[in-house]
Amino acid sequence: MSSEQSEWLDALWFVGCIAALMVMFAAALRLRAYGAGWRRWALRMGVIALALAATLAANVAVYRHDAHLDFTREAAFTPSREAADIVRSLREPVQVVYFYQKGNAAGRAAVTMLELLARLNSNLSFEAVDIDRNPGRAGAFGVQLYNTAVIAAETHRLQVVTTDDREIALGILRALRRRQPVVCFATGHGEYDIDNFEFHTHFEGSHTHSHNSEGMGLVQMQQHGLGRLRRAIEKLGLEPRKAELRPGKSLPQDCAVLVDANPRTPHIPAEADVLRRYFEQGGSYMLLVEPDFAVEPRLADLIADAGARIGEGVIVDPAEHYFTDEQMIAITHYANHPVTRAQALSFYPGARPVEPAPRDGVRAVALFASSARSYIALDRMRYREEAATEPKRAYPLAVAAEGRLSADARPYRMVVVGDADFASNSFFPYLANADIVLAGISWLLHEERLPTLKPPVEVLPLVTLTNAEVRWIFILTAILLPGAVACAGLGVWLWRRR
Amino acid sequence: MKTLAVLLRKELLATFGSPIAYTVAAVFLLVLGYTFSLTLFATKVANLIYIFHQMYVLTILLVPALTMRAFAEERRHDTLELLLTAPVGEVWIVLAKFLAVFALVVGMYLAAVVYAVVLDAHGSPDWGPIASGYLAVVCHAALIVAIGLLMSSLTENQVVAAALTMGTALMLWFADSVSYLLPPPLDVLAINLSLIGHFRPMVTGSVFVSDICYFVTLALLALFLSTRRLVER
């Protein structure tokens, strides 16, 4: 039975209970009082007790078959699609105990959301505990903070401190994992650090804050980081870890994915051999490479063998860009691929072309591209001057490839994006950037259905008023309206005195 | 039904012909208008959640003044016996009195629609929570009016009737506060008796059918007990 049908049936319970109650009350009204003294009182009390019991029963029945309607424009009281999908897909029992404070609105809203989620699948059992009323229960679970969800599955028990249903749903996923895949982040070439602070790490100079080409020469840039990506990965139940490409040594066996985000110093040829062995052993690799970085030739050949050719220069797109920066490529259309399916707008601040290089045994797909009016500029500072001579066409920015490097090798997967900033702390949370990079990691893990994390943003509808409007609103609502009613009352009083 | 129509007309004339109704409505709109203006100017948020909570409180404070005289005054003027000896069912008398006061309260609420119009003129309010908020205050008013009638049917003294109505509404408001003192399953019962617990989600746009059921069934219970009280006289 679909959830909509179930809601309608629950609504019928309400109608049925009210109708039954009215019939019972109508019947009880026909009872005539008889007798005297205690008999009369007993009859009276009996009728009252029965009426109370019937009312209680009606409420219990409707509560057990409750229907819920969300009237808000933002669907603020409807569980998120990601959380609902996770709960619907549960195949084994999971218990969620939520510790909150009844006086806290966010905590109450989380309880409501979890109650709604629990209705989606009988494998999810839910209990809400008010810590103030039941501190002993919280102590037994080791809970010390309000708004803590204790999630218990057969394999794990863990705590998530949140009021967001998505984070609790991701906690459920974590509790259900039989193994915790490791996502390795390459180090040793000045790559983005995953132990970075999560806030913006620019040092501002005399120039105003800017990410475009004009700002490059003046704004001192501290190393950006991947702290936000690391936190999102941890929430998905994955284990982030640093790994170094060492010539002559293999990558750790448990690296389910290797992410190389913005290498800045040149690789040595032997490192390409390490990576080739990783590919041959069925590894998954994500390379996020910035413009202006010279890819070592043997590494570039390996990437091309695996299905992606990294181009030179920076893409300039006069048609599809973010704000006024033509080098900040905005993407609205994507290829039909698990990484990009149903994704919203994303943007790439300074990107180089990455073309698919398919061959026998390798399937390579361009995930997204700039508009047909874009061109390649080799000098980022003088890109407008190059616009006249450069050919205009759509340039792919990212490629997903899968296949085998040789007949006896195991199948690998690879994602190459001609930009790394989009995944850094500065741009990760905005638009669909987080969705793209997390979906890429999910695909590399062969977990295409893993949800991505994007915090919900509630926007309050605001009013803007002039002084005159403020004055008139006050006069209308606080003086004229009650005054008119008072005058009507005075009129009635005078009329009745005549 | 014809009996109800005749009785309702009489009750409506009595209710809307009374200066008390206009005084209560004027005070209601004055306090509400003042609150609306100050809240809007301070927060600049185009919603009516504060106003609905204010309506909730004002209903508990003012409706007892409207219902206290329903039966108490008839009994004091000895007109209740006359009414009960007429060939009309007690249930119609109770329903007519309920609908008359309820119509007045809903009329007061309708005047408050002007706040939503002001928000619409100067912003882009979310109409869903406003609609569910009106549903909440109307359900709440139906319950308080029904409780007021029940209390009025129990006593000849109007002040006592008003005090009992307000006291019962306040007890229901804070019913959940004592839940931690009670053993199960009485604690669950106390939590679910809470008036504000069923009201609060509705004004924010989250409507559970069980919350509507709470208001409707308790109002029906109060009307039933009022009618039984008349039947037993």
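1. Which residue is the bridge partner of Tyr285(A) in S20(A)? The partner is Met414(A). Strand S11 (residues 284-288) of chain A, joined to S20(A) by 5 bridges, runs parallel to it. Strands are DSSP runs of E with at least two residues, helices are runs of H or I with at least four, and both are numbered from the N terminus. Two strands pair if DSSP finds at least two bridges between them.

2. This is a predicted model, in which local features need pLDDT of at least 70 and side-chain atom pairs count only at pLDDT 80 or more, while totals for chains, interfaces and linings use all residues. Residues are numbered from 1 along each chain as its sequence is written, chains are lettered from A and ligands numbered from 1 in the order in which they are written, and side-chain values use heavy atoms, without hydrogens and water.

3. Strand S19 (residues 396-403) of chain A pairs with S20(A) in the antiparallel sense over 6 bridges. Here Val399(A) stands opposite Val416(A).

4. In S20(A) (residues 412-417), 6 of 6 residues are buried, that is, under 20% relative accessible area, whereas exposed means over 50% and partly exposed lies in between (1.4 Å probe, protein chains only). Tyr412(A), Met414(A) and Val416(A) lie on one side, and Arg413(A), Val415(A) and Val417(A) on the other. In a regular strand the side chains alternate between the two faces of the sheet.

5. The whole structure holds 1 disulfide, a pair of cysteine sulfur atoms within 2.5 Å. The disulfide joins Cys184(A) to Cys255(A), S to S 1.7 Å. These cysteines are 71 residues apart, and both are buried.
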